[in-house]
Amino acid sequence: MSLSILALTAADALARGYASPLTGALLGISGLMLLGLLLWRNLPAGTVSIWTVALMALLLAGFVHEWATWAPAIAVAILAIAAAVVPKRMRPLALAAMAVAWAFGVTADWSYGHAYIDVVRVLNRGSVRLLHGVNPYTALYSSTTYRELHVPFVYGPVAVLLAAPASWFGDSRLVSLVCAVIVLVGLYRLRLRTDPTSVLFGGNPFNAAAMLLALPILAMLIWNGWTELFGFAPLVLWLLLRERHPVWGILCIAIAVGVKFTFLPLLFPLWLWSPSMRRDISLGTVVSAVAFYLPFLLWTGPGRFLHDIVWAPLGFPAQPGVLDLSALLVRVGVPAIPVWAAALVLGGAVLALIRMRPRDLADLLIASAGFTFLFFLLQGRAEFNYWALVILVTVTALFSVGLPVDLALPGQGLAGEPEGIQEAGSILPTPS
């Protein structure tokens, strides 16, 4: 699982998220590893290699070229290894040093209130319009990504609602920073719920913390203000809250879906296999539609609103530079994948999901990562930030091995109907 994360992170970072023979090969390796996890789930969960964590941190240097961000990446890699090998009494100091290096790496390349990438410009200007009582969906914004000079506000209503308070202080990326901290703390809390005697992370919670601090994907998402963190942080909170505080869990789903509708493919395998998650996702989607989407739809007008958040992003032509199968085909002179072929492949993936026999939350999240991987691979314009979701979900699966979840397809009972569909228990291996 950690190697799959490493391969996908490498594909994303080494070429800044764009298609090339190297990134295509790494993308294929990552996909095959995810497929292997789905097909051979009886393999025991082994110790997460701290060396893999170090390599992931060093991939940060493949994405940026300034020494100000190279240096923290190297420091984080060295400290990640130190956190695993130094005596126990020294590990908190190593983690504290990692946190300082991580914070420096995040802020070193941050020009407060300004960014070349259009995402930050669109969020800043759109949320400022909202603060002044002006509809952000009625304006066009300058683009650095597409050949079009201007693009509409393509994000969901929750994105502009979350960005508005941060924009009041001058930079919408403050929300990304808060969301990254929520993800770090939430995933660590999720790890603490697993069997403490397991060999996962070498039975050492400091390894888990070191891996989280070494994830280069978080710094990249913060720098560029991409909204994936806006929606993923609520999903992590949902996993923590859904059993004891279901109402708050449903609200978290509503917030995530309200950021981007691309979170729906990610949630589909969870909806398919878990009755309690199916309830939360269904109710959360309805709440999001009524509380967030409907007011802006009525304010903007159905035609313009649906154009901005659905047809505009999907209608952009397949970009030869982005990281997906159509882009790789276009680069070698082959036509992009037609919609009917992509739909046929996704239909086959749904049948495969129905036939799988998950054991725990980690299995469901791996299925979610695999389905989202396939969806983005066939989409035609999956840029760097799209693949960040697959990486984050796979990391979450790594922190969820052995966590029980109710399992049953729609219309089936929880216990042995059919065989193999039952209440999942702990599958964590223990040291011999």
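Which residues does Leu-264 touch, not counting residues up to four places away in sequence? Leu-264 touches Val-257 and Thr-285, where contact means heavy atoms within 4.5 Å.

This is a predicted model, in which local features need pLDDT of at least 70 and side-chain atom pairs count only at pLDDT 80 or more, while totals for chains, interfaces and linings use all residues. Residues are numbered from 1 along each chain as its sequence is written, and side-chain values use heavy atoms, with hydrogens and water left out.

**Overall composition**

- The protein has 20 helices and two strands, these being DSSP runs numbered from the N terminus (H or I with at least four residues for helices, E with at least two for strands).
- Of its 432 residues, 55% count as buried; buried means under 20% relative accessible area, exposed means over 50%, and partly exposed lies in between, with a 1.4 Å probe and protein chains only.
- The accessible surface comes to about 17900 Å², and 70% of this belongs to carbon and sulfur atoms; such areas come from the Shrake-Rupley method with a 1.4 Å probe, and for residues only the protein chains shown count as cover.
- Among contacts between residues at least 6 apart in sequence, 76% join residues at least 24 apart.

- Helix α20 covers residues 384-398 and reaches 22 Å from its first C-alpha to its last, close to the 21 Å expected at 1.5 Å a residue, where the expected span is 1.5 Å times one less than the number of residues.
- Helix α20 is mostly covered, with 15 of its 15 residues buried.
- Leu-229, leaving aside residues up to four places away in sequence, touches a set of residues that includes Ser-176, Cys-179, Leu-218, Pro-234 and Leu-392.

**Helices α13 and α14**

- The 14 residues of α13 should span 20 Å at 1.5 Å a residue, and the end C-alpha atoms of α13 are 20 Å apart, which agrees.
- The buried residues of α13 include Gly-249, Ile-250, Cys-252 and Val-257, and the buried residues of this helix pack against α8, α12, α14 and α15 (275-300).
- Leu-264 lies in helix α14 and is partly exposed, with a relative accessible area of 36%.
- The C-alpha atoms of Leu-264 and Thr-285 are separated by 8.9 Å, although the two are 21 residues apart along the chain.

**Salt bridges**

- The count comes to five salt bridges, each defined as a side-chain nitrogen of Lys or Arg within 4 Å of a carboxyl oxygen of Asp or Glu.
- Glu-228 forms a salt bridge with Lys-260, with the closest N and O atoms 2.7 Å apart. This pair links distant parts of the chain, 32 residues apart, with Glu-228 in helix α12 (residues 228-241) and Lys-260 in the loop between α13 (246-259) and α14 (263-273).
- Glu-228 is buried at a relative accessible area of 1%, and Lys-260 is buried at 12%.
- The side chains of Asp-171 and Arg-173 meet in a salt bridge (2.9 Å, N to O); Asp-171 counts as buried at 0% relative accessibility, and Arg-173 is buried with a relative accessible area of 3%.
- Asp-363 forms a salt bridge with Arg-359, the closest N and O atoms being 3.0 Å apart; Asp-363 counts as buried at 6% relative accessibility, whereas Arg-359 is partly exposed at 24%.

- Tyr-112, Val-128, Leu-131, Trp-168 and Phe-169 form a nonpolar patch on the surface, with about 580 Å² of accessible area together; patches are made of residues with over 30% relative accessible area and no salt bridge, like charges being joined within 9 Å and nonpolar side chains (Val, Leu, Ile, Met, Phe, Trp, Tyr) within 5 Å.
- Trp-168 lies in helix α8 (residues 157-168) and counts as exposed because its relative accessibility is 65%.
- Leu-174, in helix α9 (residues 173-192), is partly exposed with a relative accessible area of 25%.
- Not counting residues up to four places away in sequence, Leu-174 touches Trp-110, Tyr-112, Ala-166 and Phe-169.
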